Structure formats: C-alpha cells, structure tokens
Amino acid sequence: MKTKIQYITFLAAIFLTLNGFSQLSEEKIEQIDSLFTPWNAANHPGGTVLISKKGEILFSRAYGLASLEYNIPNTLNTRFNIGSLSKQFTAMGIVLLEEQNKLSFDDDIRKYIPELAPYDTTITIRHLLHHTSGIRDIHGLLGLAGWRAADLETNEDVYRVFKNQKDLNFNPGDELSYSNTGYIFLARIIEKISGLNFDKWMKQNIFDPLGMKNTYVETQHDRIVANNATSYYLRDDFKRAIEYWGYFGSGNMHSKIEDLNIWLQNFSTPQKEWASAFNTLLTRTPLNNGFETAFGFGVRIEEYEGKKVIQHGGSVGGFRAIARVFPGEQLHMVILSNYSKSGVGAKTNIISDILLSKSKVTPEKSTTQKSKTPEFLALPKNRLKKFEGIYWSDSEKSGRKIYLENDTLRYSSSPENSWPLVPTDEHTFIMMHPSIQPVVTFDSNTHQMTIKTGDNLPGVFTFLQKDLDTNRKDLHLFVGHYYSPELKTTYSIFKEGDAMYIEHARHGKMKLKQLYNTIFSTEEPIGILEIKKDKNHKVLGLTMSNGRTRNVWFKRANF
C-alpha cells in the first residue's frame, strides 16, 4: 500500500508525463527521475525540479517532505528559500535604477551610504555587483565579533558593524572574493534611492511585472507564510536548521520553481521590455590586471561541455538551490531542495549531460599549436638553496615549504604533498605535478614566489621565514589580551601546560596550533591568527582571518 506522499508523486508523474514531456524520451525521463527518487524515502526531505526548453516544460516534479514534523510533502507549489539565487534579483534592481538614470554603476557607494567609514580608496556599485570590492563578508566578520553560528544576523547588524570597518580584504578591483555584505549594501542603495522598503520595491518593480506571483523577499525571519518548506541539515540524521538568517539583498528570497522558470526564460528569450536589463546582468568587468572573472551582475557566465552557461547556486540553512540556463539551446533548469546534502549541483550536471547527449558530443580540435617542451637547466646546490624557506599567501592564508632534497628543489603544500621543481632558468621552475605542471617563479627583489597554472590568476606567496621545521619556543611572549576597535570585542591568549589557547566570552576556549613562527590556526570562527611585531620584536597585536574575512586587526591591550 502506497503512503500518501508516494501516491501524490505517482499521480503527479502520470499527469506530467501526459502534459509536457513530449520533447523527452521515456528513457531520459526515467534517468532524470531516478536521480531524485531517493528523496521519496520515508521521513526524508526533498525538493522540486523543473526543466524547460524553448518555452515548453520538459520535466516538473516534487519529491520528499516539506515538513518532517508534520509529514507534509513538497509539491510544485512549495516555496523554498533560494539563498544566493536572490543576488541576481537584487542586481536587477540596480540595473533598472541605472536604466532610469537614478544611479551609475561607477558611483562611489558612499554617495548612497555615507555612514560607512571612509576607505582609503573608492568602492563603486560595480565592485559590489562583481564581488570585487574587497569588503569583508558578513558571516566571518560577525563570527569574529562574537556571533555564534545560530545567532540572528540582520541587515541592521551589518550596517552597525560596518560603520566601524576601515580596512578591506584587498584593493577594490584587484581580486574577486564573494561577499554577501556587498549585496546587502546594494539593497540599502535601492532603498535610499527609491524611498521604499526593499521587499516592496522588488515586488512592485520585478516580481509582479514578470508574473512571479509566488516570490517574495523575507525581511522578518520569524514570519509565518503558507506553502514554505522547512529546511534540515543531514549529519548522522536530519536536524532542523535554525533560522538565524534575517538579512536580505544577498539572500532570503522565497520562490517556487514555476516562478524561477519565468525568470530564467528571459536569459534566452527575454520579454521585449526586459531584454536590455537581462543583457546588462551579463556584464563582465575585468580586474585591475585585465583578468576577466566568471561573474556578471549576480550570475556566473561560464561554459559547460563547450556551451555557454548562465548560472548560480544558493545555500542558506538546509536549503540548497541551483538555476542554470543554456541560452543557445534555450534550456533552463531549476532545482530547489530543503536539505543540506541534496547535491543539487552534481545532479544538475548529470541532467545537463543527459539532455545534451554528452556522449555524442565530439570536442572541437584545437587550432593552437602545442607548446614546446621547455629546456631544463642544471643549477648547483648553492643556487637552489637560496630559494629554501616558508612562503606565505596573504590572500589564501596558507603556506608553502620550499626545500632542497639531494640535488633537487622541492615544493610542498602539506606533509603529504611534495613535488620536484625543475629549473628552466635561474629563477623559473616547472613543478613536476602528475596532473598539472605550474610555472613557479622566484623574485629576489620582492622576496615572492609566484605560481602560474594555465590562464588562471597566479598565486603569490611572500617569503616568511628561513627555518623549515622548527618554530619559536618563546610563545609566552604572545600571552595577553587583544582588542579590536572595529568589532569592539576582546580575545585573550594564554598558556595551559604546554599548549597555547585563545578565549572569547561567547566562543569559549580554543586550542592554537602553531603553523609557523608567528602564525597559528584554530577552530571557527577564527581560522588563522597572525602575530604582528615591531622591528624590535615587541608584540603589537594580531590579525584574524577566516576565509572571506581577512586581517581583522586586534591591538594588544594593557588591561
């Protein structure tokens, strides 16, 4: 006897097979459906899936439970928090205001948010749209300030904390680092210009005009709205995801697959009055060094199996979402899920392979000539030895060990990974990695090591210390209290037995692991801690970094 959820899914499958899958063979329908049938297990969350091509729905089904507590199934009308898929809608709001001549993408953001602390360089709206502003990300920064993982995070929290932020991760336009904060600021700019609350402006100017009747911005984290799924984490078993996310602009829009399909159609066959705006979302601005990233305005523009793809994913709590468009094929895919290990990205790739008949695609022959095999040199040990040391990347917050073994220079990213470096000239080497062969260059003037792989941006590591295997023992010099004027919070470092610890009033005691002489790692929210000293080796303070938040300064305090 079928359960209620199985029966509903069975009827939906029959109806949809008769009413919209005419372009798909039964074999492909079964292949796609089989990816999601595990979601129909008893007491299991799931999601919804929609695939369309040239305006016709090819596949549209719901799986699993929207609520484990009440055994309520997901349906095609279930709404999900779409996480960072929201960013392209916020970006569209900025695009519409630009078309109305109410702003310029190259305006200084302080024109609209003057309460921000002045930075040493101009941050533009364009920087926010492309994630190239250097502004620290909300989650890591609030974590360092004392927020726990399940604490409520709101736009007002962000505005308040960032009034004191004077430093950036990097110079605007130099790098790309995904920043939720930037899109929260974009929502603020829309409110400042329009005079309306962000949720109302989005409904009046985007959702309603496009016919997205079941999409809205959630600005009240504890509000009850019908037909919304509950989200879950999957660890050993399913756990409720606590709804701490109270911010908007960067996320927290709720929608269903039909509405998102309406939106995605405009990337391949836009409604006439929307064509210019959707095309503007695909704007790509190179970094300061000329490198072009994959980010447009709120979307990524990439290739999959040689075909152009416009896509983005979303993740908040236990919700997972992905939307992908193949504009040349007018093919659109949306998967929304309410549990954390749903694997929506991998499933989208498999569906793409099925629909594009990947096995039948013949890759185009390269018209470029193969690069010549480099000529290797034999350098004496004394010349190789001068490159030995530990090199540190400030952007990646990771170190590399360069050392001489017998007569060969070696590159190590961890104790388990080490590869020989073969010289092509006195400062340039090829790393003999089994799958890639990066070019490694040492600059004696800047004391830097550069690693370049193909057309990717080079990684830059700066010489940190000469000693390879031993770290300083006088760690008692680092004991003390450290205060952040930007975050208005204090951490304390102390010794307990032979171990070093750092403690915060809300995060408790965390053990420090010494990576190098003055660099330590520990658990979240800190990540990496770097001690800073003056020329007389007096400890001045330290910086903390945790991914998208770098180098937050903590001054050594005298209390």
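Eight strands form a closed barrel in the order β24-β25-β26-β27-β28-β29-β30-β31, with antiparallel pairing. Neighbouring strands of this sheet are turned by 30 degrees against each other on average, direction ignored. The model is predicted: local features need pLDDT of at least 70, side-chain atom pairs count only at pLDDT 80 or more, and totals for chains, interfaces and linings use all residues. Residues are numbered from 1 along each chain as its sequence is written, and side-chain values use heavy atoms, with hydrogens and water left out. Helices (H or I, at least four residues) and strands (E, at least two) are DSSP runs numbered from the N terminus. Two strands pair if DSSP finds at least two bridges between them.

Strand β24 spans residues 480-484. Its covered face carries Gly 480, Tyr 482 and Ser 484, while His 481 and Tyr 483 lie on the uncovered one. Five bridges join β24 to the antiparallel strand β25 (residues 489-496). Gly 480 stands opposite Ile 493 in β25. The hairpin of β24 and β25 has four residues between the strands, and Lys 488 takes a positive phi near 55 degrees there.

β24 also pairs with β31 (residues 552-557), antiparallel, over three bridges. Here His 481 stands opposite Ala 557. On β31, four bridges connect to antiparallel β30 (residues 539-545). Leu 542 has Phe 554 of β31 as its bridge partner.

Helix α5 (residues 138-145) lies across β25, β26 (499-504), β30 and β31. The helix runs at about 65 degrees to β25. Axes are lines fitted to C-alpha atoms, for helices over the stretch in contact (heavy atoms within 4.5 Å). Angles run from 0 to 180 degrees between N-to-C directions.

Lys 397 is found in the loop between β16 (389-393) and β17 (398-405). Lys 397 counts as buried because its relative accessibility is 10%; buried means under 20% relative accessible area, exposed over 50%, partly exposed in between (1.4 Å probe, protein chains only). The Lys 397 side chain makes polar contacts with the side chains of Glu 530 (2.6 Å) and Asn 551 (2.5 Å). A polar contact is a pair of N or O atoms within 3.5 Å; within protein, one must be able to donate a hydrogen and the other to accept it, and residues adjacent in sequence count only if both atoms are side-chain atoms. Not counting residues up to four places away in sequence, Lys 397 touches Trp 392, Ile 528, Glu 530, Ser 545 and Asn 551.
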